[in-house]
Amino acid sequence: MRYRLTFVVGLAVGYVLGTKAGRERYEQLRKSARQVAQNPAVRNTAESAAQQGREFADKAYHVVSDKVGDRMPDSVAQRVRSLRERNTNGSSADDWGTSST
């Protein structure tokens with residue numbers, strides 16, 4: 001599904017950039033994209049997918065750290081511990097500036 005979405009977005013961007021239809025067609029496409037993005041069903045689906053992704057990433061993080069934790073160099077283990085402490089102390093932002101909202 002992700003590859004299809006990427007293809008469709010790429011196709012749309014290519015069309016917009018390569019079209020000779022002009023500004024009017026560009027504005028029409030932009031208005032349609034905005035309507036889709038503001039659709040409550042689309043927003044709910046995107047939010048639930050993001051939440052599900054965060055849950056899977058959290059589970060994978062704990063599984064990997066439990067299995068590999070004893071075999072990691074001390075510097076890596078300390079970094080993992082500091083990240084865990086920071087996340088449990090209420091900071092919801094990660095190193096990339098995203099949050100778990």
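pLDDT is the predictor's confidence in each residue, from 0 to 100. I note that this is a predicted model, so I looked up confidence before anything else. The mean pLDDT of the protein chain is 78, and 80% of its residues reach 70 or more.

Entry, confidence by element. I find the highest mean, 87, in helix α3, residues 40-68. The lowest, 77, belongs to helix α4, residues 74-88.

Entry, fold elements. I list 4 helices and 0 strands in the protein chain. Along the sequence the pattern reads α-α-α-α.

Entry, surface. I looked up the accessible surface, which comes to about 8,900 Å² for the protein chain. Carbon and sulfur atoms hold 57% of that surface. Of the 101 residues in the chain, 3% are buried.

Entry, helix α1. I checked the length of α1, residues 2-18. At 1.5 Å a residue, its 17 residues should span 24 Å, and the end C-alpha atoms are 24 Å apart, which agrees. I then looked up burial, where the cut-off is under 20% relative accessible area. The number of buried residues among the 17 of α1 is 0, so the helix lies largely in the open.

Entry, second largest pocket. I note about 470 Å³ of space in this pocket. Its lining has 14 residues, with V8, V9, A12, A33 and V36 nearest the centre. The elements giving two or more residues to that lining are α1 and α2, the latter spanning 23-38. I find that α1 gives the most, with 7 residues. By class, I record 12 nonpolar, 1 polar and 1 charged residues in the lining.

Methods:
Residues numbered from 1 in each chain as written. Predicted model: local features only at pLDDT ≥ 70, side-chain atom pairs only at ≥ 80, totals over all residues. Heavy atoms only, no water. Expected span 1.5 Å × (residues − 1). Buried < 20%, exposed > 50% of the residue type's maximum accessible area, 1.4 Å probe, protein only. 1 Å grid on protein atoms, 1.4 Å probe; cavity = no way out; pocket = protein on both sides within 12 Å on 5 of 7 lines; lining within 4 Å. Points joined across faces, edges and corners; volume = space filled by probe spheres on them. Nonpolar A, V, L, I, M, F, W, Y, C, P; charged D, E, K, R; others polar. Areas by Shrake-Rupley, 256 points an atom, 1.4 Å probe, with all protein chains shown as cover.
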